[in-house]
Amino acid sequence: MPADVKPEAMPDTVKTAAPEIPKGVWRRLLERKLAVFALVLVGVIVGAAVFAPFVAPFDPAEQFFEGLTLEGAPLPPGETFWLGTDLLGRDLLSRLIYGAQTSLIIGVVANGIAVAVGAFVGILAGFFRGWVETVLMRFTDLMMAFPALLLAITLAALFRPSLWIVAMVIAMVNWVQMARVVYTETRSLSEREFILAERAMGAGLFRILFRHILPHLLSTIVVFGTLGISTTVLLEATLSYLGIGVQPPTPSWGNIIYENQTYFTSAPWLVFFPGIAIIALALGFNLLGDALREVLDPTQKGRH
């Protein structure tokens, strides 16, 4: 093929080889009952977190004298305190609403960093191959050899736990799965005929990456990012429950359970309601991620 042929002169089949996100994503999502349920569930939790100062009935750190019984025990759910109070006489509903902010911030920030790092490593290793692939994927394998929870506990113990430190720790242990998935897809794509045709026509690396590789990976990144939020929230709750996550007085669903676990038998609502909140958020994002996978994955077209 002549060397002076430019990428702009390539056949239409090569130009349009990279898929786009299907049109009518919202319409197709709304056709699925579980997707609608997930959107409502996630929307309620996100709305409560964003508008926490207007939704929460009380200050989450305020200790009410009338929030404890005469014996100093937490109050059960009632007319004033809808979900009861904790061991310090604080309103549990208000702490759960503000705790949603913590969980969502960590879920979005930590998972966003993990997805970005994992996608970057996977694309580099899968596209450039050679020593780049060897170094990056052997390091990824090394990170995957450590149990994620154990590694997170170790890292959290080395640093002073705070909101942003916990987010960074979770991101450091969660990027490896994303890297593996993106690496596999990128390596497969780089051997496809339209990519080989681009190379033969003299297309630059950046053109191939941004015009053909990334569009193919976009649906995978979106779905993996959505599903990863639930995993991140659960890991944050676990670290907080173990006392090495977000530290009081900052409310977190995990540290609410940690603080009140001694009242599990006498005041079960202190553990039950935060647990329900964690399950609801994880369920919402998992259902939403599954629905997005069905909508964005061409192989799922027409399936319900």
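Biologist: What are the helix and strand percentages over residues 269-288?
Modeller: In this predicted model, residues 269-288 are 100% helix and 0% strand. The end C-alpha atoms of that span are 28 Å apart.

Biologist: Which feature does UniProt place there?
Modeller: The unreviewed UniProt entry gives "transmembrane region" for residues 269-288 and also for 34-56, 104-127, 139-158, 164-183 and 217-244.

Biologist: And how much of residues 34-56 is helix?
Modeller: The span 34-56 is 91% helix and 0% strand, with its end C-alpha atoms 28 Å apart.

Biologist: Turning to pockets, what lines the second largest pocket?
Modeller: Its lining comprises 14 residues; Val44, Ile45, Trp253, Ala277 and Ala280 lie nearest the centre. Helix 3 (33-50), helix 5 and helix 12 (269-296) each contribute at least two lining residues.

Biologist: How many of the lining residues are nonpolar, polar or charged?
Modeller: The lining has 14 nonpolar residues, no polar ones and no charged ones. The space in this pocket is about 260 Å³.

Biologist: At what angle do helix 5 and helix 8 pack?
Modeller: Helix 5 and helix 8 (residues 163-189) pack at about 35 degrees, and their axes are 5 Å apart. Their crossing is right-handed. The residues of this contact comprise 25 nonpolar, six polar and one charged.

Biologist: Where is Arg129 found?
Modeller: Arg129 sits in the loop between helix 5 (92-128) and helix 6 (130-144). Its phi is near 55 degrees, a positive value in a residue other than glycine.

Biologist: Why does Arg129 count as partly exposed?
Modeller: Arg129 counts as partly exposed because its relative accessibility is 22%, and that class lies between the 20% and 50% cut-offs.

Note on methods:
Residues are numbered from 1 along each chain as its sequence is written. This is a predicted model: local features need pLDDT of at least 70, side-chain atom pairs count only at pLDDT 80 or more; totals for chains, interfaces and linings use all residues. Side-chain values use heavy atoms; hydrogens and water are left out. Helices (H or I, at least four residues) and strands (E, at least two) are DSSP runs, numbered from the N terminus. Buried means under 20% relative accessible area, exposed over 50%, partly exposed in between (1.4 Å probe, protein chains only). Axes are lines fitted to C-alpha atoms, for helices over the stretch in contact, and angles run from 0 to 180 degrees between N-to-C directions. A crossing is left-handed if the near helix is turned anticlockwise from the far one by less than a right angle, and right-handed if clockwise. Ala, Val, Leu, Ile, Met, Phe, Trp, Tyr, Cys and Pro count as nonpolar, Asp, Glu, Lys and Arg as charged, and the others, Gly among them, as polar. UniProt positions are given in the numbering used here, feature names are shortened, and annotations may be inferred rather than shown by experiment. On a 1 Å grid over the protein atoms alone, a cavity is a set of points where a 1.4 Å probe fits but cannot get out, and a pocket is an open set with protein on both sides within 12 Å along at least five of seven lines; lining residues have an atom within 4 Å of a point. Grid points are joined across faces, edges and corners, and a volume is the space filled by probe spheres set on the points.
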